[in-house]
Amino acid sequence: MSRAESSRAAPPRPEDFRFRASEKIRYADQDPQGHVNNVVFATYLEIGRTSILPPLLEIEEGAAFVVARLAIDYLTELAFPGEVLICTRLVSAGRTSLNIEQALFQSGHCAATALSVVVLVERASRRPRSLSQAGREWISARS
């Protein structure tokens with residue numbers, strides 16, 4: 001989908017995502033313009049990713065996930081005080097990687113969407129490793 005096509009698409013809804021987490025917006029998350037700093041959006045997205053991946057890492061012993069790509073589309077501001085709803089879904093799996101879609105919501109409004117690509121690596125060598133059959137089954141059951 002091109003950027004022009006994605007800008008015309010309706011924003012996602014929380015119910016479009018299988019996994020949800022919420023995080024309190026901290027006063028320190030704001031920048032001088034009085035809204036949540038754009039870099040903090042990446043932190044919220046990390047919270048969403050890391051809340052769903054630990055069970056898969058139990059299957060993939062001796063491995064870790066590293067972020068290979070993170071693309072964020074900022075749609076509107078997030079503001080303090082309040083909470084951010086972090087919604088996450090597994091989209092697809094490659095030989096060594098996962099594509100993850102996410103969205104951030106405040107008060108029912110979508111503030112950002114994101115696509116992450118995470119790669120499974122051996123902890124010891126830090127080299128990419130293929131997903132196991134058990135890992136693929138876990139992903140398939142949750143996609």
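What volume does the second largest pocket have? I am working from a predicted model, and there the second largest pocket comes out at about 180 Å³.

**Lining.** I looked up which residues surround this pocket. Glu46, Arg49, Thr50, Leu53, Pro54, Leu57, Ala64, Phe65, Val66, Val67 and Val118 line the space. I then checked which of the elements gives the most, and β2 does, with four residues. By class, I find eight nonpolar residues, two charged and one polar in the lining.

**Sheet.** I turned next to the strands. Five of them form an open sheet in the order β1-β3-β4-β5-β2, and the pairing is antiparallel. Which strands stand at the edges? I note β1 (19–24) and β2 there; each has a single partner strand, so one side of each lacks a neighbour in the sheet. On average, neighbouring strands are turned by 25° against each other, direction ignored.

**One pair up close.** I followed β4 and β5. Strand β4 covers residues 97–106 and strand β5 residues 109–122. Their antiparallel pairing runs over 10 bridges. For Phe105, I find Cys110 in β5 as the bridge partner.

**Helix over the sheet.** Which strands does α4 lie across? I list β1, β3 (83–93) and β4 for this helix, which spans residues 133–142. Its direction is at about 125° to β3.

Methods. Residues are numbered from 1 along each chain as its sequence is written. This is a predicted model: local features need pLDDT of at least 70, side-chain atom pairs count only at pLDDT 80 or more; totals for chains, interfaces and linings use all residues. Side-chain values use heavy atoms; hydrogens and water are left out. On a 1 Å grid over the protein atoms alone, a cavity is a set of points where a 1.4 Å probe fits but cannot get out, and a pocket is an open set with protein on both sides within 12 Å along at least five of seven lines; lining residues have an atom within 4 Å of a point. Grid points are joined across faces, edges and corners, and a volume is the space filled by probe spheres set on the points. Helices (H or I, at least four residues) and strands (E, at least two) are DSSP runs, numbered from the N terminus. Ala, Val, Leu, Ile, Met, Phe, Trp, Tyr, Cys and Pro count as nonpolar, Asp, Glu, Lys and Arg as charged, and the others, Gly among them, as polar. Two strands pair if DSSP finds at least two bridges between them. Axes are lines fitted to C-alpha atoms, for helices over the stretch in contact, and angles run from 0 to 180 degrees between N-to-C directions. Contact means heavy atoms within 4.5 Å.
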